[in-house]
Amino acid sequence: MEHDYDITLTVNGTKVSRRVPARQHLVDFLREDLELTGSHAGCEHGVCGACTVRVNGEIVRGCLMLAVQANGCRVDTIEGLSDSKELSKLQTAFHEHNALQCGFCTPGMLMAAQDLVLKNKKISREEIRTQLSGNFCRCTGYQAIVDAIEEVINGKG
Amino acid sequence: MKAPDFAYVKPATLAEAFGLLENPNAKILAGGQSLIPSLNMRLSSPELLVDITGLAGLSGISVQGNSIKIGALATHAQIEKSEDIRKHVPLLAQAVPHIAHAAIRNRGTIGGSLALADPAAEYPACAVALEAVFIIKNKTSERRVNAERFFKGLFDTDLKPGELLVAVEFPVATKSDRSVFLELTRRHGDYAIIGLAAHNSRFVFLGAGSTPVLIKGDSMEKAKAALSKSLNPSADLYNSSATKLHLAGVLLERAWNTITT
Ligand SMILES: Cc1cc2nc3c(=O)[nH]c(=O)nc-3n(C[C@H](O)[C@H](O)[C@H](O)COP(=O)(O)OP(=O)(O)OC[C@H]3O[C@@H](n4cnc5c(N)ncnc54)[C@H](O)[C@@H]3O)c2cc1C
Ligand code: FES
Ligand code: FES
């Protein structure tokens, strides 16, 4: 028998209550129970960053947090930030720079990139690469991703 | 992969937590950034997770006279942002950005990292270099252990079943103290190939043995001689033992030059 617990949290501004197994991670809860499939599950042990979501305003690994641990928290996903237009500049820049191909890494990339946008008025390419070292992309070679983020933070050179 | 089944409790008081930890198959959950991956990979299958993140009194960073007390639940991100740490424990401030990635630093805790005692982790080496003191509690009492005595072996510490690491005390740096943290990795945020936490004449290597390896030397020659005698790093996937030993010497020289200039 699985151990289930009642949780209530705010996801993208909406309060939701569900019963979840203790062993379920946050990203599976978002994808399977709430059908928010924008956050992806890749490695499920913290290395790839595809599952990046925001909890109480800070980015975290959705695969390294249990859904029960999010009880009482504010969770924001790629869907919420996309609908609120918070990400629109980054999304446009990613599009214009061809900063995505298959798109698997893109939601996590955008969540991590937006964290940089919020915390930096000016940034070097080196700093962008350091901060994105926790997000894997198997397609683009990163150059275009760094270009897009650099443009959004530093403005068109 | 997905974690196996377990029960979950988030106690509100220390007394409640110690009661739950009497179950020999219970495991403490702090930031979860090492425990949850090991559950996901099914390397560990506890019956019960005791989430200690709701316990008051285990968080915060405070200067108390000549020492600075860091609660076990202080996250890597909080330590990274702390003015007090930057000012009073510069070695730690230099080391934190090397730990994993921003999203992991937002949840991982200093208590979790020290209790895990990964030989390639940054905090254990800093704690040994700075002669930090660990504050450990069980149901009935509190004890203090020096960093050097805390790390016993590979992922093995002085913590006994039913005990909690509640805080760590670091000495406040004095004007004459010199310290530097250096690390070599293949990619930013990876665990170190080899790293060095140096404080005055104490040189502590990470990624060089089953615990942090302390080498003392008040001259470069003495330190180098001690290095070749006491360091026998095991090879990893990419680097032979000889490579690591060579790199350790490179870091030692860099650290020495930084500390003495
Ligand atoms: C991709 C990735 C890269 C990483 N890279 C690095 C790195 O470069 N350097 C590095 O140092 N770390 C790295 N980490 C690990 C990270 O720093 C963890 O946060 C840390 O090791 C454990 O802290 P935690 O709070 O998450 O502990 P948890 O995962 O919750 O717990 C870890 C262990 O400690 C025990 N424990 C936790 N708190 C206490 C306590 N207060 N008292 C007694 N026992 C306790 C738990 O029972 C468990 O056995 C990485 C992790 C990932 C996923
Ligand atoms: S799925 Fe979470 S980091 Fe890869
Ligand atoms: S676009 Fe395919 S993984 Fe990044």
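Modeller: Chain B is divided into domain 1 (7–51), domain 2 (61–171) and domain 3 (179–260), with bounds from an automatic or database domain assignment. This is a predicted model, in which local features need pLDDT of at least 70 and side-chain atom pairs count only at pLDDT 80 or more, while totals for chains, interfaces and linings use all residues. Residues are numbered from 1 along each chain as its sequence is written, chains are lettered from A and ligands numbered from 1 in the order in which they are written, and side-chain values use heavy atoms, with hydrogens and water left out.

Colleague: How far apart do the C-alpha centres of domain 1 and domain 3 of chain B lie?

Modeller: Domain 1 of chain B covers 7–51 and domain 3 covers 179–260. Their C-alpha centres are separated by 34 Å.

Colleague: Which residues of chain B lose the most area to chain A?

Modeller: The contact (heavy atoms within 4.5 Å) takes 30 residues from chain B and 26 residues from chain A. About 2500 Å² is buried between the chains, 52% of it given by carbon and sulfur atoms; buried area is the accessible area (1.4 Å probe) that two parts lose on being put together, summed over both. In chain B, 22% of what that side buries comes from the three that lose the most: Asp5(B), Tyr8(B) and Arg107(B).

Colleague: What area do domain 1 and domain 2 of chain A bury between them?

Modeller: Chain A is divided into domain 1 (4–81) and domain 2 (85–154), whose C-alpha centres are 22 Å apart. Their contact takes 18 residues from domain 1 and 17 residues from domain 2. Carbon and sulfur atoms carry 60% of the area buried between these domains, which is about 1400 Å².

Colleague: Why is H3(A) oblique to H4(A)?

Modeller: Helices are DSSP runs (H or I, at least four residues), numbered from the N terminus; H3 of chain A spans residues 88–96 and H4 residues 106–119. Axes are lines fitted to C-alpha atoms over the stretch in contact, with angles running from 0 to 180 degrees between N-to-C directions. The two axes come within 10 Å and cross at roughly 125 degrees. That angle makes the pair oblique, given that under 35 degrees counts as roughly parallel, over 145 as roughly antiparallel, 65 to 115 as roughly perpendicular and the rest as oblique.

Colleague: At roughly what angle do the axes of H3(A) and H6(A) cross?

Modeller: H6 of chain A comprises residues 143–154. In H3(A), Lys89(A), Leu90(A), Ala93(A), Phe94(A) and Glu96(A) meet Ile145(A), Ala148(A), Ile149(A), Glu151(A) and Val152(A) in H6(A). The axes come within 9 Å, and their crossing angle is roughly 140 degrees.

Colleague: How do the residues of the contact of H4(A) with H6(A) divide by class?

Modeller: The axes of H4(A) and H6(A) come within 10 Å and cross at roughly 35 degrees. Met109(A), Ala113(A), Leu116(A) and Val117(A) of H4(A) make the contact with Ile145(A), Ile149(A), Val152(A) and Ile153(A) of H6(A). Ala, Val, Leu, Ile, Met, Phe, Trp, Tyr, Cys and Pro count as nonpolar, Asp, Glu, Lys and Arg as charged, and the others, Gly among them, as polar. The division is eight nonpolar, no polar and no charged.

How values were computed:
Helix = DSSP H or I, 4+ residues; strand = E, 2+ residues; numbered from the N terminus.
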